[in-house]
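Subject: Structure handover and notes

Dear colleague,

I am passing on the structure we spoke about, together with some notes on what was found in it. Please keep it open beside this message while you read.

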Amino acid sequence: QVQLVESGGGLVQPGGSLRLSCAASGFTYDDYAIGWFRQAPGKEREGVSCISSSAGSTYYADSVKGRFTISRDNAKNTVYLQMNSLKPEDTAVYYCAADSPFGLTVQAMCVMGFHGYWGQGTQVTVSS
């Protein structure tokens with residue numbers, strides 16, 4: 001059974017930090033790119049950050065560059081998203097997803113969206 005389980009969301013004040021985790025099971029994790037996407041109320045889902053299967057390539061949306069860092073621990077089948085200097089506009093449900101590259105760059109995958117496996121999401125709220 002394929003599972004992607006996100007954790008680490010919560011309420012944080014502006015300027016604060018959170019680390020999201022995505023634990024994967026039930027598929028050949030090492031062969032898949034992993035991405036973090038978010039969806040705020042009334043907005044379309046957007047690719048926040050994605051990482052290639054080998055962790056050799058990463059992509060960040062312009063809105064999070066310099067503040068968020070994606071990493072993966074293939075020994076633990078887990079991907080992390082370290083989020084620093086959080087802003088109210090980062091408030092959203094954050095989802096992790098996995099997909100096979102099919103020859104695409106991780107940037108292209110992140111921008112176009114993933115079509116593979118998805119987690120249930122974790123709420124991140126940035127508010128004072």
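The notes below go through the disulfides, the core, the surface and the backbone.

Please bear in mind that this is a predicted model, in which local features need pLDDT of at least 70 and side-chain atom pairs count only at pLDDT 80 or more, while totals for chains, interfaces and linings use all residues. Residues are numbered from 1 along each chain as its sequence is written, and side-chain values use heavy atoms, with hydrogens and water left out.

Let me begin with the disulfides. A disulfide is a covalent bond between the sulfur atoms of two cysteines, and here a pair counts as one when the sulfur atoms are within 2.5 Å. By this rule there are two disulfides. One of them joins cysteine 22 to cysteine 96, with an S to S distance of 2.0 Å. Because cysteine 22 lies in strand S3 (residues 18-25) and cysteine 96 in strand S9, this pair ties together parts that are 74 residues apart in sequence; strands (E, at least two residues) and helices (H or I, at least four) are DSSP runs, numbered from the N terminus. The torsion about the S-S bond of cysteine 22 and cysteine 96 is about 60 degrees, so the disulfide is right-handed. Cysteine 22 counts as buried at 1% relative accessibility, and cysteine 96 counts as buried at 0%, where buried means under 20% relative accessible area, exposed means over 50%, and partly exposed is in between (1.4 Å probe, protein chains only).

The other disulfide joins cysteine 50 to cysteine 110, also with S to S 2.0 Å. This pair links distant parts of the chain, since cysteine 50 is in strand S5 and cysteine 110 in helix H1, 60 residues apart. Its torsion about the S-S bond is about 80 degrees, so this disulfide is right-handed, and both cysteine 50 and cysteine 110 are buried. When the bonded cysteines are numbered in sequence order, the pairing is 1-3, 2-4.

Next comes the core. The largest nonpolar core has 38 residues, of which Trp36, Phe68, Val79, Leu81, Met83 and Tyr94 touch the most other members. Strand S9 (residues 92-99) gives the most to this core, with five residues. A nonpolar core is a set of buried Ala, Val, Leu, Ile, Met, Phe, Trp, Tyr and Cys residues joined through side-chain atoms within 4.5 Å. Leaving out residues up to four places away in sequence, valine 79 has contacts (heavy atoms within 4.5 Å) that include Leu20, Cys22, Trp36 and Ile70.

On the surface, methionine 112, which lies in helix H1 (residues 106-112), counts as exposed at 54% relative accessibility. Glutamine 3 lies in strand S1 (residues 3-7) and counts as partly exposed at 40% relative accessibility.

Which residues other than glycine have a positive phi? Most residues other than glycine have a negative phi. Alanine 55, however, has a positive phi of about 70 degrees, and asparagine 77 has a positive one near 50 degrees. Alanine 55 is found in the loop between strand S5 (46-51) and strand S6 (58-60), whereas asparagine 77 lies in the loop between strand S7 (68-73) and strand S8 (78-83). Alanine 55 is partly exposed, with a relative accessible area of 36%, and asparagine 77 counts as partly exposed at 23%.

With best wishes
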